[in-house]
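Subject: A structure for you to look at

Hi there,

Here is the structure I promised to pass on to you. Please open it and have a look around before you read my notes.

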Amino acid sequence: MHVQCPWLLDRPAISLSYCHCFHYTISEEMASADRNLLILNFLTLASLSLFCADKAFCIRIPDRDSTTPRELSDQSLKTAVFALGSFWRSEAVFGCLNGVVRTTSGYAGGSKINPEYRSLGDHAESVMVEYDPKEINFRQLLEVFWSSHDPRQVFGQGPDVGPQYRSIIFTNGTEEARLAAMSKEREQTKSRSSILTTQIQQLESFYPAEPEHQKFELKRHPMLLQLIGNLPEDELEVSNLAAKLNGYAAELCPQRIQKQIDAKINGIIRRGWPVLREV
Ligand SMILES: *[C@@H]1O[C@H](CO)[C@@H](O)[C@H](O)[C@H]1NC(C)=O
């Protein structure tokens, strides 16, 4: 069976096990404690794996079900939800931050049960951010929230106009509500001439959006999708690497990270990988 290993199309003997090898090498790498270097390590491994493919053998293939590691147990992660305009962009903004493990586009802030993209009722487009509180905290996420949109614009962001694009900080408990209110006050003093429209509300429910709205920016860049092994949709949605590259694809990573990833990808392309030479 020929499989999704498009970066090897110009090579003989594409093996299924190679693709799995590649794929799970990424997962293992994600278990690494130093996630700051995640992308760098991953891309180094990518070239390593290519070398191994040339030699027609493969790095150990971990068993698909029993050993797929998680870098953190879900209990140690915290969750935050923000609405700041189009969720395609919101997901990209938060996905690239160190300490953010997963991101999900969705709907929150309204009362409609099971909202959908074309009929989301009174909900706002939102992003759910799962983060490691040892690496980034709610206060820092608030900073990113404020600096990533214009909270003075009433019910919209740029050309996206309508209540679904309103600005909301969702909170869980009194401490987060206090931090949110304080940060809004501070932000308001920065722009005395206009009122901040941002609402602060207790999170009631969050409905994940349809698959086509997850990692939307990354999906516009097939080359980047190939680079991480064309993960199936369910894995793409929970992948830390995909969350990071989604931010990179939208050019919304912090500048230092954006440059790091750029350099790594350009290096790989210079070495002739993963360029399709003929069909
Ligand atoms: C809210 O916080 C509590 C503990 O502080 C936690 O157990 C719960 O999962 C949180 N809920 C959400 C939606 O994050």
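Predicted model: local features only at pLDDT ≥ 70, side-chain atom pairs only at ≥ 80, totals over all residues.

**The whole chain**

The protein chain has 279 residues, and 37% of them are buried. Its secondary structure comes to 10 helices and 8 strands. If you take the contacts between residues at least 6 apart in sequence, 72% of them join residues at least 24 apart.

**The sheet**

Try to find the open sheet of 6 strands, which follow the order β7-β6-β1-β3-β2-β8 with mixed pairing. At its edges stand β7 and β8 (206-208); each has a single partner strand, so one side of each is left without a neighbour in the sheet. On average, neighbouring strands of this sheet are turned by 35° against each other, ignoring direction.

**Strand β6**

Now zoom in on β6, which covers residues 167-171. Is this strand enclosed or open to the outside? 5 of its 5 residues are buried, so β6 is largely enclosed by the rest of the structure.

The side chains are worth a look too. In a regular strand they alternate between the two faces of the sheet. Here, Ser-167, Ile-169 and Thr-171 point one way from β6, while Ile-168 and Phe-170 point the other way.

Which strands pair with β6? One is β1 (residues 78-84), which pairs with β6 in the antiparallel sense over 3 bridges. Another is β7 (residues 199-202), which runs parallel to β6 and is joined to it by 4 bridges.

Phe-82 stands opposite Ile-169 of β6, and in β7 the bridge partner of Ile-169 is Ile-200. To get from β6 to β7, the chain passes through helix α5 (residues 174-190), and this β-α-β crossover is right-handed. Thr-171 also has a bridge partner in β7, namely Gln-202.

**Around the ligand**

Finally, which residues surround the ligand? They are Thr-79, Asn-172, Gly-173 and Leu-203. Sorted by class, this shell has 1 nonpolar and 3 polar residues, with no charged ones.

Enjoy exploring, and do write back with your questions.

Best wishes

Methods. Residues numbered from 1 in each chain as written. Near = placed C-beta within 6 Å. Nonpolar A, V, L, I, M, F, W, Y, C, P; charged D, E, K, R; others polar. Buried ≥ 20, exposed ≤ 12 C-beta atoms within 10 Å, placed from the backbone. Helix = DSSP H or I, 4+ residues; strand = E, 2+ residues; numbered from the N terminus. Pairing = 2+ DSSP bridges. Right-handed = clockwise from strand over helix to strand, strands pointing away. Contact = placed C-beta atoms within 7 Å. Axes fitted to C-alpha atoms, helices over the stretch in contact; angles between N-to-C directions.
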